[in-house]
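Here is a short briefing to read with the model open beside you.

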Amino acid sequence: MSEARVLIVDDDLALLQALPEALRLRMDGVTVDTAESGAAALDRITAVDYDAIVTDIKMPGMDGLELLAEIRTQRPDTPTLMITGHGEHDLVVQALRSGAYDFIPKPIDRDYFVASLRRAIQTQELSRRVKEQQLALERHLNELEAIVEERTRDLRETNQVIESPLRLLMGPNGQMEKIVQQIKQVADSPLTVLVEGETGTGKELVARAIHHLSARRNKPFIAVDCGAIPDTLIESELFGYEKGAFTGAHQRKEGQFQLADGGSLFLDEIANLPLPTQAKLLRALQERQVQPLGSKRLVRVSVRIIAASNVPLAREVRAGRFRQDVYFRLNEFGITLPPLRERDDILHLANEFLPEAGLELGRPCRKISEAAAQVLLRYQWPGNVRELRNVIRRAILLASDVIEPEHLSVLPVDPAPATALRGDPAPVDASLKEIAEAAAADAEQQAIRRVLEITKGNKSEAARLLRTDYKTLHVKMKQYGIDAGPFRELSAS
């Protein structure tokens, strides 16, 4: 109770002298200030944070209820006791509802008054202690947050090294070392990069590694599969459009160039880009500006372009299907990925995929047996790294602790079905289900190739004839390693 400070407000001067004297006699260490009106009390309250305030409810000018409202605004935590006269029950109820701590009826019982005021001061003291503890806790939490943020930043930097896309490109025998060195050399340069290689060899992985090692790493990485977007939509997808630019354009939409601003734009399957769109791409590459469909304004963009193709673009240029000037603009720095069958890190990659897939599927698998490893090494991998990853994921679902050859039954010991002669008998140990699946896959491939031949490589028209959507056809073509390019070549020859 030491060093408590109290303010008493009353227009009755006799009471204003008697009450402080009573408090001094009954409460040690209490400082009492007085005010003769509500206005005078406000001046004191503005300057001093009192432990408790006592005020008469009826005063000329600003009465006690008005003063209570100001106290609740300026000093909401300060307990306020109201002195009330006989028969002022309604005012008492109103005061308590407005936040008064207690009321003291006249004539004042000094013992009750002192006891109530003592409780009020103790309440205020406890409230202040709680606030101080809260502030101390908040400071401690802020310090902990700063420590956690620093540790998280360090951990993130460590994880960035561990999770770097380069991890899956760096084999134990150094065959991919040249590719990794090329990535490191070009990453922080402004050069446009062209990555070539068969489907599934990791072209997007290379693009992400380049972005990851560049100064743009904290900006967006946007990947666009040019082969999965119909020719009629590719321009609006890349460059965006204004509201009303064409039927169905109900609102303005930013293109992938704008979304990738400041970062990297990965144009996969660039050979599928229609010639008119290639011309617009060339302008975007040269001027660093794009023009949304339906707009007269040019939008400046700062984008690092990384393009990829599963067919040699130089061959597409010679066949007249790809603009030479665009090819030269894209091929400022070229990286060619070897197919998985020519690499010596198949088992290294398989073992990298093992814990990754085990974590994803919730089925930890310890290792790949020697016999299963031989199956992986004998297979030709037409789907390359992507196919290897999927095979490992499937095997983990079947295996309990160690991947054995039976968990790789999806892989034929003989040449892949795509290269086998049509009409070859199925293996004698194949199940009816496996025979049916192989037959269905063979029928699908034949149908797709036949329709592509009819449509001269036009995938949109092929999807229509096959009564499927464009995306499904695109996925099937990737699955079976079918490229539309040779069918366009046949029509051109």
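A residue is called buried under 20% relative accessible area, exposed over 50% and partly exposed in between, using a 1.4 Å probe and protein chains only. This is a predicted model, in which local features need pLDDT of at least 70, side-chain atom pairs count only at pLDDT 80 or more, and totals for chains, interfaces and linings use all residues. Residues are numbered from 1 along each chain as its sequence is written, and side-chain values use heavy atoms, with hydrogens and water left out.

**Aromatic pairs**

- Rings of Phe, Tyr and Trp (its six-membered ring) pair if their centres lie within 6.5 Å; planes under 30 degrees apart are stacked, over 60 edge-to-face, and the rest tilted.
- The count by this rule is five aromatic pairs.
- One of them is F239 with F257, a stacked pair at 5.6 Å centre to centre with 25° between the planes.
- F239 belongs to helix 8 (residues 234–239) and F257 to helix 9 (residues 256–259), so the pair ties together parts 18 residues apart in sequence. Helices here are DSSP runs (H or I, at least four residues) and strands likewise (E, at least two), numbered from the N terminus.
- F239 and F257 are both buried.
- Y379 and W381 have ring centres 4.6 Å apart and planes at 85°, so this pair is edge-to-face.
- Y379 counts as buried because its relative accessibility is 8%, and W381 does so at 0%.

**Around D51**

- D51 sits in the loop between helix 2 (38–47) and strand 3 (52–56), and at 10% relative accessibility D51 counts as buried.
- The D51 side chain makes a polar contact with the side chain of R128 at 2.5 Å. Such a contact is a pair of N or O atoms within 3.5 Å; within protein, one must be able to donate a hydrogen and the other to accept it, and residues adjacent in sequence count only if both atoms are side-chain atoms.
- The D51 side chain also reaches the backbone nitrogen of R5 at 2.7 Å.

- Five strands form an open sheet in the order 7-10-13-6-14, with parallel pairing. Two strands pair if DSSP finds at least two bridges between them.
- Strand 7 (221–225) and strand 14 (333–336) are at the edges with a single partner strand each, so one side of each has no neighbour in the sheet.
- Strand 10 (residues 264–268) pairs with strand 13 (residues 304–309) in the parallel sense over four bridges, and F266 stands opposite I306 in strand 13.
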